[in-house]
Amino acid sequence: MPVQRPSKALLIGLVVSSALALIALALMLLSGGPVGFGLSALLGVAPLPVLLAAVLSLDRLEPEPKLSLAFAFAWGGGVAIVLGIALSALGEALFTRAGFGEAVVDDVGTVLLAPVIEEALKGSALLLLLRRRQEIDGLTDGIVYASMAGLGFAAVENIGYYLLAYGEDGAGGALQLFVIRGLIDPLGHPIYTSMIGLGVAYALTRRGPLRFAAIPFGYLFAVFLHGLWNGAASTNSLAWVAAAYLVIMAALVLLIVVTVVERRQLVARMDVYLPGYRQTGLISEADVKMLGTLSGRKAARKWARGAGLGRAMSDYQQAATELTLLHLRAERQGMDPVRFAVERDAQLGLMANARRW
């Protein structure tokens, strides 16, 4: 598949973010010792395969570049973590100097400073990707990038919390905290930051002067969800925690509905654009019907695997999807005719190479 050449800024951001994440982990190792850090790292990483698979499954119809996904994950686990700790400590110090007591400062740091600072830092990964706006074709893309940043942040943050619990109560304390953070609420950070992802993606894929208002609105919603959970957890009230959890799960349902609806809409749009390419001989009426429904695409891949054409069918379907998205981008944002023709012909070439039925 044609891949956009990665920018130097993206590569530099990935390297810097990864280095900061490693520095943060190294400091945890030095402070907690190899045994405590080893257990904490194991608990922090354990849910990641399932969580990453869940997030990336949203992206199967039109996969995002692996380098951009890695950048978002590293940004959350590196830059967002390090700056988040520094800025939160600075904010709490300012409240302390203003004469507030330790209990008040702790509550302000947990309920206000942490959500405001952390969501801004995690969400900034989406803003940095605005320069590569052609990678964000819909709301689902915003959710995926935001979730990757949230997962990176949560993984490193959880290791730190497990290490603190280990230092206070040993392995039992770390395991108890893992049940809460790793099993009951593993998707907290991805859900919060996905609100920002929705705002950024909406601004990029819609028209009208007010579309950019979706970005601060999404940020405020992310801060609200984050602060709601932190505030409920700090009360030690099961009722408050349950209420906050239900609100966050409702936000998760909203994200799932958005991705399902958008996926169905994208597939349905293929019936609009692809018939215009029948004269090329690359798309028959049967192909259009197959590509126009999720069930048809799945059945076609199953048939192709049995005929030894599984990879060819996947490539064909992805190229047809990219061709449809090209038309959508041209409609939404406008596009230079020469560039449109080059990208269109590239996708048609891929379809020609893949189509063997």
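Predicted model: local features only at pLDDT ≥ 70, side-chain atom pairs only at ≥ 80, totals over all residues.
## About the model

Local features here need pLDDT of at least 70, and side-chain atom pairs count only at pLDDT 80 or more, while totals for chains, interfaces and linings use all residues. Residues are numbered from 1 along each chain as its sequence is written, and side-chain values use heavy atoms, with hydrogens and water left out.

## The cavity

Let's start inside. A cavity is a set of points, on a 1 Å grid over the protein atoms alone, where a 1.4 Å probe fits but cannot get out. Points are joined across faces, edges and corners, and the volume is the space filled by probe spheres set on them. There is 1 cavity of 30 Å³ or more, and the largest cavity has a volume of about 80 Å³.

Its lining residues (an atom within 4 Å of a point) include Gly44, Leu51, Asn158 and Arg181. Helix α6 (139-184) and helix α2 (48-57) each supply at least two of the lining residues; helices are DSSP runs of H or I, at least four residues long, numbered from the N terminus. The largest share, 6 residues, comes from α6.

Ser124 sits in helix α5 (residues 102-128). Ser124 counts as buried because its relative accessible area is 16%, where buried means under 20%, exposed over 50% and partly exposed in between, with a 1.4 Å probe and protein chains only.

Asp315 belongs to helix α12 (residues 310-333). With 22% relative accessibility, Asp315 is partly exposed. The C-alpha atoms of Asp315 and Thr293 are 17 Å apart, and the two residues are 22 residues apart along the chain.

How values were computed. 1 Å grid on protein atoms, 1.4 Å probe; cavity = no way out; pocket = protein on both sides within 12 Å on 5 of 7 lines; lining within 4 Å.
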